[in-house]
Amino acid sequence: MKRPTMLRVLAWLMGPLILFSIFCMSASAQSVSIEHRTVVLSGLCGDGATPGLVLTRLVTHALSNNEKEQVWVRRIITALKEGQLICNDSDQALINDGRSQLNAITLEAVLQKSSNPPYVPSMVIMRKVAITSAEVNLFSSDQSVRREAAEQIDKFYSLLDASVITQILKNEPDSEVRSMLTLALAKRGLKSSDKKDQLAAILAVSQSPSQASRTLLSNLLGDKNLTDPELKLASQTAIRHIDQWLLFANICSILFSGLSYASILLLTALGLSVIFGLMGVINLAHGEFITIGAYSTFIVEQLMKSYAPAYFDAYIFVAIPIAFCVCAIFGMVLEYCVIRFLYRRPLETLLATWAVSLAMIKSIQLLFGSQNVEFINPAFLNGGVQVFAGFVVTYNRVFAIILALLIFTATLLIIRHTRFGLLIRATTQLRDTARSLGVPAERIDRISFGLGAGLAGLAGVVLTQIASVNPSMGTSFVIDAFMVVVLGGAGSLIGTAVSSLALGEINQWIEPLYGSVTAKVAVLIIIVLIIQRRPQGLFTSKTRT
Amino acid sequence: MKRRNFLSIAGAGAVVASSSSLSMSVFAAESATDPIKIGLLFSQSGTMANNESLLKDTALMTIDQINAKGGVLGKKVQGVVVDPASDWPMYAQLGKQLIQQDKVAAMFGCWTSVSRKSVLPVVESQDSLLFYPLHFEGEEQSKNVVYLNSPPSSSVLPAIEYLMGEQGGDAKRFFMLGSDYVWPRTINKMLKGYLKTKNIPDSALREQYVPFGHSNFQTIIREIKEFAAQPGGQAIVVLTVVGDSIPALFKEAINQGVRASEIPILGLDVVDSDLEGLDTKPLVGHLSCWCYFQNVENPLNQKFKADWASYVTTNKLKHRPDMVIDPMVSTYIGLNLWAQAATKAKSTQTAAVREAMAGMEVADPAGYTAKMDPTSQYLWRGDMIGSINAKQGFDILWKSKDIVKPIPFSPYITG
């Protein structure tokens, strides 16, 4: 009984004491860390600055300290990467976060702002910042951040601090990150003096085929000091293995680029295929409908940014029906005001639509200015994914391909399987007969023209993610669109699809071999030759005209 | 009847639309009391419109400033604007029209070299003066052209030299990518000659050209990545692609994960306006070299930028008020130079102005005092390397200590 009471009294007495001492300790820890931070950052500013050393110290600081310090290190590196770091006149480092300036050591706002320009890292320091940032990010608790960091580490394997990586490897739970880090170490291991290490490294490197690993191995082979036949053989086999993969990756990449180029051609040509192919109107203002589609997307984007920022990324989907409707209405107005007077008079149509095209370009210029319009791509369309080494697929291209396929299928279904489609075909094939059977040919003309214009608008929506948007953007696409439609055969949607696929793929297969100028010339020559043989195009719809 | 009526109206409309700026200035000319006319030959439509309309408005702003100070020789200065619509032969045609019909004292104009080459025979035969505000391939010298920007020997080569140095990242291999016309081809020819003297083997060079307005850079970016991963040392891209192709290329580079820390791109024609509409965070560190970047700190630059901002807002122009690029500054310097020279010569005659200009000094918002070379008629300017920052602009990575002597004919181009 006695003891516990004594203990309790003791506890009562000790409690505040302990609390107090903890308080003291943390306060001193605070000042210790400030002291540390000052040492770490010394040499960042002023004459004879040694930013390279600062970066090395930052990594060691992150490695040996608690999470709080790691957050600080990350903040400094972000500041460096994003150009927020300023050296003031008394050689203190400040961080400009847009609203206020912070002391880089304490991260507290400073009263005396500096108007000096931001610190601009040289190329060497920038590389070092990239690797430092990756090394520090390896401490992150977020798995995806660590993976990204490990990829970076792998890229800059020659610059990394091997001891840091070995230390991190010990505690890394994620197997993918571990294997990437091991690979990076293996790449350094190629230069090791131990044969066993070297063989293991060669094997590891050949397991991740890429141009960079190939370079590494061929450098090893070219090294005069490499005399061991076993090592030579191993690296030769590894190179062969990598070469096969690279060839495969190359073929996939070209197929994909061809497909993506074809999807753009198809999108821009589809509307024209309806207007020129089915209705026989040479519409030189087609490109401007694409432009209008793109600008409609721009307006939707701006509105969403101010009124519905939470759903901002969805603007591209909101824009699809809006751009279609806007362009369709413009198309129908154009048909009503200009085109309907000019059916069967191709030369006048050509001149009139050209004038309309110029007028539209100038009006857009008056409304929006001639500069490129600023678009923020939805987050899910930024960047790309590496399917396997050497074959990168970018999201915006995938989006274009999918949308092109969907729009094409929808158009095909409408023309082939709906009553409206039947009427369009009837009007275009045998206009007078259709009319005498009670088809309202004028209205059908107007609606089909609207459909064609609307389709061009959809192309505009997709192009906002790929090309730059300005008033004259349409002109560059209209020629290609005519090319596709003429080659495919006027009046055949399937023909348009096939010819855009063919032109896209041919272009992308020639480009890597002979350059893009040659590719363009070759495609044009191919078209001329085909049109000579088949003036009606690849696919022809059977008509009785 | 109806149709014909409509067509003629539509036709007339189109004509008015395309030449409205011209006819307006003609009307203005009749009412003003005998002003001195300056021809402004900048495209406001077509692929160069983005960039050239900036120069047109800068020129008009500078003319306003000169007029506010009392004009030149007691007369008002008036800018006569035409639109060559990014169509090279049109530059020659409209240039001739400016000289013969509008009787302009001098012309400011052109962005691309093709357009300058197109106007060159016109100014030479009419003995007029063309002030050209762009940096270009050099290899030209005409007494009828005033070159306001640096030739490549004094602007591009210092940048390349920096990138080959230790601080610049020790570049050993070069992927030269350009639009297919005279400027990129000459620059690359010079570069190859220069790199040969630096013992860079041919195998470390790759040269590629794309057509004007090319926007599909998938294959090329892939090739660049492949090239960079091949043995032989650090690779850089020397980019001489122009116009709308620049943002298209950068977009693809971002998406395929090309970063400046691995493969720096030195864009020789990249200006702030090309970065509009791009998220530049993944582009940070790519480079450009010009005689001026807007982040240079000095009072004249502050004033120039403030003037531009207020000019844009008061005239409700569609430009960004907070963006100024080198060719605009060159245009500004050029007009001031012309005004100084005309005042000194007490005449706007070509020969008199030319003579007065030789050796003349003029304040440059880049922080130097530019000087007209009496023999070559090129301006001595400073040289800078800018590094793309996260705010769609350039930070200054390096700048020359003083103005650099222009070398119009590069010693590295043989044959």
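How many residues of chain A are in contact with chain B, and how many residues of chain B take part? In this predicted model, where local features need pLDDT of at least 70, side-chain atom pairs count only at pLDDT 80 or more, and totals for chains, interfaces and linings use all residues, 59 residues of chain A are in contact with 65 residues of chain B. Residues are numbered from 1 along each chain as its sequence is written, while chains are lettered from A and ligands numbered from 1 in the order in which they are written. Two residues are in contact here if their C-beta atoms, placed from the backbone, lie within 7 Å.

On the side of chain A that touches chain B, the largest share, nine residues, comes from helix H13 of chain A. By class, this side has 23 nonpolar, 27 polar and nine charged residues, where Ala, Val, Leu, Ile, Met, Phe, Trp, Tyr, Cys and Pro count as nonpolar, Asp, Glu, Lys and Arg as charged, and the others, Gly among them, as polar.

Chain A itself holds 20 helices and five strands; helices (H or I, at least four residues) and strands (E, at least two) are DSSP runs, numbered from the N terminus. Its radius of gyration is 33 Å, well over the 24 Å that the globule rule gives for 545 residues, so chain A is more spread out than a compact globule; the radius is taken over C-alpha atoms, and the rule is 2.2 Å times the number of residues to the power 0.38. Along its principal axes, the C-alpha trace of chain A spans about 115 × 65 × 60 Å. Of the 545 residues in chain A, 44% are buried, a residue being buried if 20 or more other C-beta atoms lie within 10 Å of its own, exposed if 12 or fewer, and partly exposed in between, with C-beta atoms placed from the backbone.

One helix of chain A can be followed in detail. H9(A) has twelve residues and reaches 16 Å from its first C-alpha to its last, close to the 16 Å expected at 1.5 Å a residue, the expected span being 1.5 Å times one less than the number of residues. Its buried residues are A:Ala212, A:Ser213, A:Arg214, A:Leu216, A:Leu217 and A:Leu220, and what covers them includes H7, H8 and H10 of chain A together with helix H7 (218-229) of chain B.

Chain B is divided into domain 1 (2-149 + 298-380) and domain 2 (152-295 + 384-399), with bounds that come from an automatic or database domain assignment. The centres of these two domains, taken over C-alpha atoms, are separated by 29 Å, and the contact takes 23 residues from domain 1 and 20 residues from domain 2.

Chain B also shows how strands pair, which requires that DSSP finds at least two bridges between them. Strand S3 (residues 106-109) of chain B pairs in the parallel sense with S1(B) over four bridges, and B:Phe108 is the bridge partner of B:Leu40. S3(B) also pairs in the parallel sense with S4(B) over two bridges, where B:Leu130 is the partner of B:Met107. Both faces of S3(B) are covered, with B:Ala106 and B:Phe108 buried on one side and B:Met107 and B:Gly109 buried on the other. Elsewhere, an open sheet of three strands has the order S11-S12-S13 in chain B, with antiparallel pairing.
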